[in-house]
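Here are a few exercises to work through with the coordinates open in your viewer. Try each one before reading its solution.

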Amino acid sequence: MEDKYFMKLALTLAKKGAGFTAPNPMVGAVVVKDKKIIGKGWHKTYGSLHAEVNAIDDAGHRADGADLYVTLEPCNHHGKTPPCTEKIINAGIKRVIIASKDPNPDVCGGGIKKLEKMGVLVISGICQKESDQLNEAFIKYVKTKQPFVSIKCASTLDGFIATGQGNSKWITGSKSREFVHKLRHETDAILTGINTVKHDNPSLTTRCGSFNGKDPIRVVLDTNLSIPLSSKLLNLKSNAYTIIATKKEGAYTKKKQLEEMGVKIITLSVKKEGLDICTLLNHLGELKINSLLVEGGSHIISSFILSGFTDKIYMFYAPKFIGGNGIPICSGNGHSLMKDSINIKNISVNRFDDDIMISGYI
């Protein structure tokens, strides 16, 4: 119980890095001596000092003979920073308690072996489930080189994301929208389709009030490259750039215009159901994008779910009825038999004022 208590504190510290550490994982660490916390730290931003280093520096000379609780196996290789194992050994840490082993198959276990070789007692698997969920995007990315894909959708109780005239502002209330902006901050990239861009002219930025949230990279699926050059997402003051995925053929002049505006163009082959999603995800992975939030219309949502590339869903239901002639959550050719329908597991239910959010994994 004592180990779980300190590890949960380390996990709480790790969460402070949400939205800032990618493509690195979120990691927290706590240094404990005589059952008292003497040092705390977390990985704050990509390229900065790791959690273990920050926690040991916080403890100072008192770290000699102490225990270190860390949410992810300490690294034993040189990256943007030196190996954390060296810092741990030099500080005189006697016991290291780890939540999750490094999911990267090329380095998994290397940190543990190094520490044990130098006489440090290592215990792993404490609060592993919570740790793995915290870094679910990182874990998928290092194993597949593709981003972790989440779909966010807001609907009325009768299953519509907009009226028949396309009006959708606002289905859900302000508390739900605040949560979505937090999701955007924590996600590397956000994706939508050209129809949404033309109809709603969204910014796809993060607006978290007083909190200085990070804008996600914007990705637009635009087969025929018909996006208006006046679109908001092409004319933003934002640190995040815009990607447009389009078919390989034609529109050379438009592509050149967009590239001159700072837009990155990705060309894809076109399949029966639209642009090749698998190849798109491979391209995004090459750009070190390890998480993608899909906020599209009916066709985009259906395409991502049926393609098998979606990992998680966030479905918001507002206590409203349109009563028919609305735009449904999904469109296109779905499964004809209920036994073939896609099941969602590990369901969580949250309430934001009168709205209900159901989240889960595919």
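A cavity here is a set of grid points where a 1.4 Å probe fits but cannot get out. Keep in mind throughout that this is a predicted model.

**Exercise 1. The enclosed space**

How many cavities of 30 Å³ or more does a search of the whole structure find, and which residues line the largest cavity?

*Solution.*
Step 1: Searching the whole structure with a threshold of 30 Å³ turns up one cavity.
Step 2: The space inside the largest cavity comes to about 40 Å³.
Step 3: Its lining consists of Leu72, Ser100, Lys101, Pro103, Ser131, Asp132, Asn135 and Ile139.
Step 4: Sort that lining by class, and you get three nonpolar, three polar and two charged residues.

**Exercise 2. The overall fold**

Describe the protein chain as a whole, starting from its secondary structure and ending with its contacts.

*Solution.*
Step 1: The secondary structure amounts to 11 helices and 18 strands.
Step 2: The chain is as compact as a globular protein of its length, because its radius of gyration of 23 Å is close to the 21 Å that the globule rule gives for 362 residues.
Step 3: The C-alpha trace spans about 70 × 45 × 45 Å along the principal axes.
Step 4: Of the 362 residues, 49% are buried.
Step 5: Take the contacts with a separation of 6 or more; 70% of them join residues 24 or more positions apart.

**Exercise 3. A loop glutamine**

Is glutamine 146 buried or exposed, and with which side chain does its own side chain make a polar contact?

*Solution.*
Step 1: Locate glutamine 146 in the loop that runs between α6 (136–144) and β6 (148–156).
Step 2: The relative accessible area of glutamine 146 is 9%, which is under the 20% cut-off, so this residue is buried.
Step 3: The side chain of glutamine 146 makes a polar contact with the side chain of asparagine 282, at 2.8 Å.
Step 4: Beyond the neighbours within four places in sequence, glutamine 146 is in contact with Lys140, Tyr141, Cys278, Leu281, Asn282 and Phe309.

**Exercise 4. A loop lysine**

Which backbone oxygen does the side chain of lysine 214 reach?

*Solution.*
Step 1: Lysine 214 sits in the loop between α8 (194–200) and β9 (217–221).
Step 2: Its relative accessible area is 24%, so lysine 214 counts as partly exposed, the range between 20% and 50%.
Step 3: The side chain of lysine 214 reaches the backbone oxygen of threonine 187 at 3.1 Å.
Step 4: With neighbours within four places in sequence set aside, the contacts of lysine 214 are Gly19, Arg184, His185, Thr187, Asp188 and Thr206.
Step 5: For one of these, arginine 184, the C-alpha atom is 7.8 Å from that of lysine 214, although 30 residues separate the two along the chain.

**Exercise 5. Two helices**

Where is serine 176 found, and which residues in helix α11 are buried?

*Solution.*
Step 1: Serine 176 belongs to helix α7 (residues 174–186).
Step 2: Serine 176 has a relative accessible area of 1%, so it is buried.
Step 3: Leaving out neighbours within four places in sequence, serine 176 is in contact with Phe316, Phe352 and Asp355.
Step 4: Turn to helix α11 (residues 298–307), where Ser298, Ile300, Ile301, Ser302, Ser303 and Phe304 are buried.
Step 5: Just after α11, check glycine 308, which takes a positive phi of about 85°.

Note on methods: Residues are numbered from 1 along each chain as its sequence is written. This is a predicted model: local features need pLDDT of at least 70, side-chain atom pairs count only at pLDDT 80 or more; totals for chains, interfaces and linings use all residues. Side-chain values use heavy atoms; hydrogens and water are left out. Helices (H or I, at least four residues) and strands (E, at least two) are DSSP runs, numbered from the N terminus. Buried means under 20% relative accessible area, exposed over 50%, partly exposed in between (1.4 Å probe, protein chains only). A polar contact is a pair of N or O atoms within 3.5 Å; within protein, one must be able to donate a hydrogen and the other to accept it, and residues adjacent in sequence count only if both atoms are side-chain atoms. Contact means heavy atoms within 4.5 Å. On a 1 Å grid over the protein atoms alone, a cavity is a set of points where a 1.4 Å probe fits but cannot get out, and a pocket is an open set with protein on both sides within 12 Å along at least five of seven lines; lining residues have an atom within 4 Å of a point. Grid points are joined across faces, edges and corners, and a volume is the space filled by probe spheres set on the points. Ala, Val, Leu, Ile, Met, Phe, Trp, Tyr, Cys and Pro count as nonpolar, Asp, Glu, Lys and Arg as charged, and the others, Gly among them, as polar. The radius of gyration is taken over C-alpha atoms; the globule rule is 2.2 Å times the number of residues to the power 0.38.
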